[in-house]
Amino acid sequence: MPLYEFVCQACGSPFEKLLSFSQADQPQTCPRCGDVHSRRKLSTFAVGGGTPSPTAARPASSPFT
Ligand SMILES: [Zn+2]
């Protein structure tokens with residue numbers, strides 16, 4: 001699952017959560033103040049807009065083979 005960054009709208013505290021794509025569109029509870037009005041920042045997955053390269057997702061060499 002991708003790691004998403006959020007910023008609490010109430011206290012301004014940034015926090016990160018591992019979420020599925022469907023969960024990422026929903027407001028997340030701030031771990032500091034408990035407010036649900038958080039705002040998602042652009043993650044590294046969202047920057048660039050393209051689909052991830054299939055070669056980048058697979059390591060060139062695996063220690064298990
Ligand atoms: Zn907060």
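Three strands make up an open sheet in the order β2-β1-β3, with antiparallel pairing. The edge positions belong to β2 and β3 (38-40), each of which has a single partner strand, so one side of each is left without a neighbour in the sheet. Neighbouring strands are turned by 35 degrees against each other on average, direction ignored; the axes behind this angle are lines fitted to C-alpha atoms, for helices over the stretch in contact, and angles run from 0 to 180 degrees between N-to-C directions. The model is predicted: local features need pLDDT of at least 70, side-chain atom pairs count only at pLDDT 80 or more, and totals for chains, interfaces and linings use all residues. Residues are numbered from 1 along each chain as its sequence is written.

**Overall architecture**

- The chain contains two helices and three strands; helices (H or I, at least four residues) and strands (E, at least two) are DSSP runs, numbered from the N terminus.
- Read from the N terminus on, the elements follow the order β-β-α-β-α.
- Of the 65 residues in the chain, 9% count as buried; a residue is buried if 20 or more other C-beta atoms lie within 10 Å of its own, exposed if 12 or fewer, and partly exposed in between, with C-beta atoms placed from the backbone.
- Among contacts in the chain with a separation of 6 or more, 42% are between residues 24 or more positions apart; two residues are in contact if their C-beta atoms, placed from the backbone, lie within 7 Å.

**Strand pairing**

- Strands of a sheet pair through backbone hydrogen bonds, either parallel or antiparallel.
- Two strands count as paired here if DSSP finds at least two bridges between them.
- Strand β1 (residues 3-8) is joined to strand β2 (residues 14-18) by five bridges, and the two run antiparallel.
- β1 and β2 form a hairpin with five residues between them, and Gly-12 in the turn has a positive phi of about 80 degrees.
- β1 is also joined to β3 by three bridges, again in an antiparallel arrangement.
- Val-7 stands opposite Pro-14 in β2 and opposite Arg-39 in β3.

**Selected residues**

- Met-1 lies in the segment before β1 and is exposed, because 10 other C-beta atoms lie within 10 Å.
- Met-1 touches Leu-18, Leu-19 and Ser-20, not counting residues up to four places away in sequence.
- Met-1 and Lys-17 are 16 residues apart in sequence, and their C-alpha atoms are 9.7 Å apart in space.
- Ala-24 lies in helix α1 and is partly exposed, because 19 other C-beta atoms lie within 10 Å.
- Leaving aside neighbours within four places in sequence, Ala-24 is in contact with Tyr-4, Leu-19 and Arg-40.
- Ala-24 and Phe-6 are 18 residues apart in sequence and 9.7 Å apart in space, C-alpha to C-alpha.
- Gln-26 lies in the loop between α1 (21-24) and β3 and is exposed, because 10 other C-beta atoms lie within 10 Å.
- Gln-26 and Ser-38 are twelve residues apart in sequence, with their C-alpha atoms 9.1 Å apart in space.

**Confidence of the prediction**

- The mean pLDDT of the chain is 80, and 68% of its residues reach 70 or more; pLDDT is the predictor's confidence in each residue, from 0 to 100.
- Among the elements of the chain, β2 has the highest mean pLDDT (93), whereas helix α2 (residues 54-57) has the lowest (57).
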